[in-house]
Structure formats: C-alpha cells, structure tokens
Amino acid sequence: MMMHQGIGLERFNALPRSRAVHALYECCCCVTWAERIADHRPYADTEALLAAADAELRALSGRDLDRVFDSLAHESVSERSAPELARVTHRRIDRMLGPAEGYPEY
C-alpha cells in the first residue's frame, strides 16, 4: 500500500524534496529515478510529470531496471522491459496523485 495517495499535483509539487522523493520511490522503487523526478519540480501538469518519468526510466541502467523489477513482486508484469515498467509506474503515479485537485487533507 502506498503512503502517498491522492495528494494531487499541486501538493506534490509543494512537498519538501525528501517527501517528494519518498512519494516517487513508492511509484518506482528506484532512489536515483525518484531524486531526478523530484528535482525537476514543479510540473505544469500530469502529462509533464509522466513524460519526465518516462525519460528517466529510459535513462536507468540495466542493473537499476533489474532491481526495480525485483521489487515488483506483487505487481503483474508481462515482461522485464522499460515500456512495461513505464506502464506500472504510470499507474502508481496516477494513484499517488489521485484526482486533479487531490483528496482533501484531514
């Protein structure tokens, strides 16, 4: 289960770097990737965030990709490829962001 669910893009952009890295790590399980994505904030829209996520996934080494796939034991993956990882990561980012405005904070 993800700790950061439904936070919305605006709140994600405003998170302190360490919390943004943690939220992104839940989406991909790669600290290097999470740091790179967090460091490019703010994102204008979800599409920009997903495009950055894809670009950084393509930049991962084969060893990093293997580590990420090894951490996806509870995910249904059809193959160990960057496009498949992008599919899983997009789904997790969508869950992290939730609706455009995010869920209300309590």
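The structure is a predicted model. The mean pLDDT over the chain is 87, and 89% of the residues reach a score of at least 70. Confidence is highest in helix α3 (residues 31-39), with a mean of 96, and lowest in helix α5 (residues 62-70), where the mean is 86.

Helix α3 packs against α4 with the two axes within 10 Å and a crossing angle of roughly 145°. The crossing is right-handed. On the α3 side, the contact is formed by Trp33, Arg36 and Ile37; these residues meet Leu49, Ala52, Ala53, Glu56, Leu57 and Ala59 of α4. By class, the contact of α3 with α4 comprises seven nonpolar and two charged residues, with no polar residues.

Helix α4 (residues 46-59) also packs with helix α6 (residues 82-97), at an angle of about 145° and with the axes 10 Å apart. The crossing of α4 and α6 is likewise right-handed. Here α4 contributes Thr46, Leu49, Leu50, Ala53, Asp54 and Leu57, which meet Leu85, Ala86, Thr89, His90, Ile93, Asp94 and Leu97 of α6. The residues of this contact divide into eight nonpolar, three polar and two charged.

Leu49, Ala53 and Leu57 of α4 take part in the contact with α3 and also in the contact with α6.

Conventions:
Residues are numbered from 1 along each chain as its sequence is written. This is a predicted model: local features need pLDDT of at least 70, side-chain atom pairs count only at pLDDT 80 or more; totals for chains, interfaces and linings use all residues. Side-chain values use heavy atoms; hydrogens and water are left out. Axes are lines fitted to C-alpha atoms, for helices over the stretch in contact, and angles run from 0 to 180 degrees between N-to-C directions. Helices (H or I, at least four residues) and strands (E, at least two) are DSSP runs, numbered from the N terminus. A crossing is left-handed if the near helix is turned anticlockwise from the far one by less than a right angle, and right-handed if clockwise. Contact means heavy atoms within 4.5 Å. Ala, Val, Leu, Ile, Met, Phe, Trp, Tyr, Cys and Pro count as nonpolar, Asp, Glu, Lys and Arg as charged, and the others, Gly among them, as polar. pLDDT is the predictor's confidence in each residue, from 0 to 100.
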